[in-house]
Amino acid sequence: MTQILFKNINKKNLHTIEVYEKQGGYNSLKKAFAREPEEIVEMVKASGLRGRGGAGFPTGLKWSFLAKDVFPRYLCCNADESEPGTCKDRELLEKNPHLLIEGMILCSYACRIETAYNYLRGEFYDLCEIFEKALEEAYAKGYLGKNILGSGFNLDIHTHLGAGAYICGEESALLNSLEGGRGEPRMKPPFPAVQGLYAKPTVINNVETLCVVPHIVNEGPEAYAAIGTEKSKGTKLVSVSGHVKKPGNYEVVMGTPTREIIYEMAGGIRDDNQLKAFIPGGSSVPMLPADLVDTPYDYESLQAAGTMLGSGALIVIDHTVNVVESALRLTSFYMHESCGKCTPCREGTRWMWQILNQIQTGQGRPEQVEKLVDICDNMSFKCFCPLGDAAVAPVASSIQRFREDYEELLEKMAAKTGA
Amino acid sequence: MFEFSKEAEEKIEKILAKYPPEHKRSALLPLLTLTQRQEKYISPDAMREIGRRLDLSPAYVQSVCSFYTMYSFQPVGKYMILFCVNISCQLNGCDALLEHTAKKLNIKVGETTSDKKFTLHREECLAACAGAPMMRINDTFYENLTPKKIDQILDSLD
């Protein structure tokens, strides 16, 4: 089994610098400092690493987009993990905070950044304390601060806690929040690489993405690129939850059949029930029916199947569930988390929730299913930021793939209420 | 009248040092969080005091504060229970467990017990989906809940 991020994850006291160093931790720094920063960017490009937060944008390319000769520049680590189904970054932060620090140092060196922030979800107060302790240890060992390991490179890393807003995982909303504002998304362009934090060039990467970088520097980009598929390189942390016997975070090689993740790694469906549906990449991606369970788990294959790899959260639903219930619960989330800045998202999420709730509670009418399709069409690609598209995913895909669930529920409730 | 504690004042200095002096507004969320941890909620007085320190109007502080769901504007119980209700927890029976918790505490969701010990809220996913169903009490995550486990946890809190 190829393990990069989770290789030592269950090693006792891995969160301490002593144990982390014994596993080869921070070895990448000397290798990196022996090279020019631009070479590190090229290495990450050559590795084929794509952002693990959800969008899958090539990481090295993102780094190379930073506005030239504009300083200071900033790195913001996105640790605002809040998407239903997703819980992988939390495990990395809790058990292996130094891996993230090492990744942040490498990114900062590559991009000539001297100040970095780790924007943590507000609810992760305990993880913030673990991370701050790890920062202290790294400063004491000379991995952070002035003239790191005699390289002449300086870097400070700070923590910044959010306060419970899913939208702050969107990069421009994260910046507004970090600047002391409401977490509403910004118009793009300009992209953060040109005008990000404090209107300066800024790199924003997910926790998992940054945690891969030490491996790339240590082992070389070719070794990383040799893992996975042609266009989806490396491994991916997958949070498996829902109706499986062994829920958990698993590191899988890109291209692994989804069936293998559900039935072998996660132990199969609870009570040996039948698989009905699965959401492969967190609540913001379309759900798929059981007959697509052999789809390889990688960016391209999942896209071809009509969904996305997203943040890598595999939510498993068995045959006892009517998916209208799942669509309603997820829509409730998006209604709650819509920032209210743009009308299609603010009004659309509420309207969808109202209709789904009516169907669920026996006040629905068959023609409302078409109304839901219509609302989805009027939200898709028409919202200010991707939250609107994310909100559409569970509703549109549940109607497209499981329309019979809507019909069955409407009939059942009509018979019950006598409507 | 709101005042930061001595311990909080030391933390404020460290917080302000994280950001460029011309961008001290960045300290707004950290100061709000510090206030909430000290007082268990954020009062209009506290908002004025934070605004004074960061050169922000009370209205601005309130407009930011009200955006974020973690901040309370009324006093809450000693133990804030956030019960996750989103999909992974729902698939694992959280609705019945939340009902069980509310019944045990003899309150409705969103309320505080009369002895001011517990406040119970729904939460939209706490990134612990592999341990569903789960809840967070103050800073601690409790996973793989059952009615019995919930009873034990609540009974063990002073």
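Q: Which residue forms a salt bridge with Glu123(B), and how far apart are the closest N and O atoms?
A: A salt bridge is a side-chain nitrogen of Lys or Arg within 4 Å of a carboxyl oxygen of Asp or Glu. In this predicted model, Arg121(A) is the partner of Glu123(B), with the closest N and O atoms 3.5 Å apart. The rule finds four salt bridges across the interface of chain A and chain B.

Q: What conventions apply to the model and its numbering?
A: The model is predicted, so local features need pLDDT of at least 70 and side-chain atom pairs pLDDT 80 or more, while totals for chains, interfaces and linings use all residues. Residues are numbered from 1 along each chain as its sequence is written, chains are lettered from A and ligands numbered from 1 in the order in which they are written, and side-chain values use heavy atoms, with hydrogens and water left out.

Q: How many residues does the contact take from chain A and from chain B, and what area do the chains bury between them?
A: The size of an interface is often given as the accessible area lost when the parts come together. Here that area (1.4 Å probe, summed over both parts) is about 3,900 Å², with 54% of it on carbon and sulfur atoms. The contact (heavy atoms within 4.5 Å) takes 58 residues from chain A and 40 residues from chain B.

Q: Which charged residues sit over the rings of Phe141(B) and Tyr125(A)?
A: The criterion is NZ of Lys or CZ of Arg within 6 Å of the ring centre and within 35 degrees of the ring normal. The charged end of Arg90(A) is 4.1 Å from the ring centre of Phe141(B), and Arg37(B) lies over the face of Tyr125(A) at 3.3 Å from the ring centre.

Q: How many aromatic pairs does a search of the whole structure find?
A: A pair of aromatic rings is described by the distance of the centres and the angle of the planes. Rings of Phe, Tyr and Trp (its six-membered ring) pair if their centres lie within 6.5 Å; planes under 30 degrees apart count as stacked, over 60 as edge-to-face and the rest as tilted. The search finds 16 such pairs over all chains. One of them joins Phe33(A) and Phe153(A), with centres 5.9 Å apart and planes at 55°, so this pair is tilted.

Q: Are Phe33(A) and Phe153(A) buried or exposed?
A: Buried means under 20% relative accessible area, exposed over 50%, and partly exposed in between (1.4 Å probe, protein chains only). Both Phe33(A) and Phe153(A) are buried.

Definitions and conventions: Buried area is the accessible area (1.4 Å probe) that two parts lose on being put together, summed over both.
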